[in-house]
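Today I am opening a new notebook page.

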Amino acid sequence: HLEDFMSSSPPKEPTSLQYNVYIDGFELDIYDPVSRLNIELVGYPYPRRKDVRRNKLRDAHLKLNKGVLTSRLVMSAYTSVEEIAKTAARFIRNERDRLEVEAVK
C-alpha cells in the first residue's frame with residue numbers, strides 16, 4: 001500500500017523512490033537516491049537493546065561508506081498507511097530542500 005500511495009502522489013511529492021532496496025547488504029525500507037535518505041519503518045517506539053546497537057552500526061556504515069542518512073518512522077504512531085506515506089514524503093522533501101540550500105552556499 002505504501003508504495004502505491006507514494007507513486008500516485010501529486011507531482012510535488014518525491015519521485016524515484018526505491019522500496020526494499022539493498023545497499024551493502026542492508027535492506028532499506030524507503031530509499032530516496034536523490035537525497036540519499038533512507039526511511040526505516042519500525043513497529044515499536046522502544047527497540048530492544050541489541051537492535052539499537054545493530055541499528056547504530058548499520059546507520060554509521062551507510063552514512064560513512066555511502067553517504068546515506070537514516071530516519072525512522074514508528075508505524076504504531078500513525079493511524080493509516082496514507083499518514084505514514086505523507087510523513088515519509090515530508091521527510092524526503094525536507095532533506096532535498098536542505099541539500100539544495102547547502103549547494104547554494
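A polar contact, as I use it here, is a pair of N or O atoms within 3.5 Å; within protein, one must be able to donate a hydrogen and the other to accept it, and residues adjacent in sequence count only if both atoms are side-chain atoms. This is a predicted model, so local features need pLDDT of at least 70 and side-chain atom pairs count only at pLDDT 80 or more, while totals for chains, interfaces and linings use all residues. Residues are numbered from 1 along each chain as its sequence is written, and side-chain values use heavy atoms, with hydrogens and water left out.

**Entry: Ser35.** I looked up Ser35 in the loop between β2 and β3; helices (H or I, at least four residues) and strands (E, at least two) are DSSP runs, numbered from the N terminus. Its side chain makes a polar contact with the side chain of Asp32, at 2.6 Å. Is Ser35 buried or exposed? Ser35 is buried, because its relative accessible area is 5% and buried means under 20%, exposed over 50%, partly exposed in between (1.4 Å probe, protein chains only). Leaving aside neighbours within four places in sequence, I find Ser35 in contact (heavy atoms within 4.5 Å) with Ile92, Glu95, Arg96 and Leu99.

**Entry: salt bridges.** I counted 8 salt bridges, each a side-chain nitrogen of Lys or Arg within 4 Å of a carboxyl oxygen of Asp or Glu. Asp32 and Arg96 form one of them, at 2.6 Å, N to O. Asp32 lies in strand β2 and Arg96 in helix α3, so this pair ties together parts that are 64 residues apart in sequence. Both Asp32 and Arg96 are buried.

Glu40 and Arg58 meet in another salt bridge, at 3.1 Å, N to O. Glu40 sits in strand β3 and Arg58 in helix α2, 18 residues apart. Glu40 is buried at 9% relative accessible area, and Arg58 is buried at 8%.

I also noted Glu95 and Arg98, whose side chains meet at 2.5 Å, N to O. These two lie in helix α3, 3 residues apart, about one turn of the helix. Glu95 is buried at 11%, whereas Arg98 is partly exposed at 34%. Salt bridges that share partners join Glu40, Arg58, Asp59 and Arg72 into one network.

**Entry: Tyr78.** Last, I checked Tyr78, in the loop between β4 and α3. Tyr78 is partly exposed, with a relative accessible area of 21%. Beyond its neighbours within four places in sequence, Tyr78 is in contact with Leu73, Glu83, Ile84 and Thr87.
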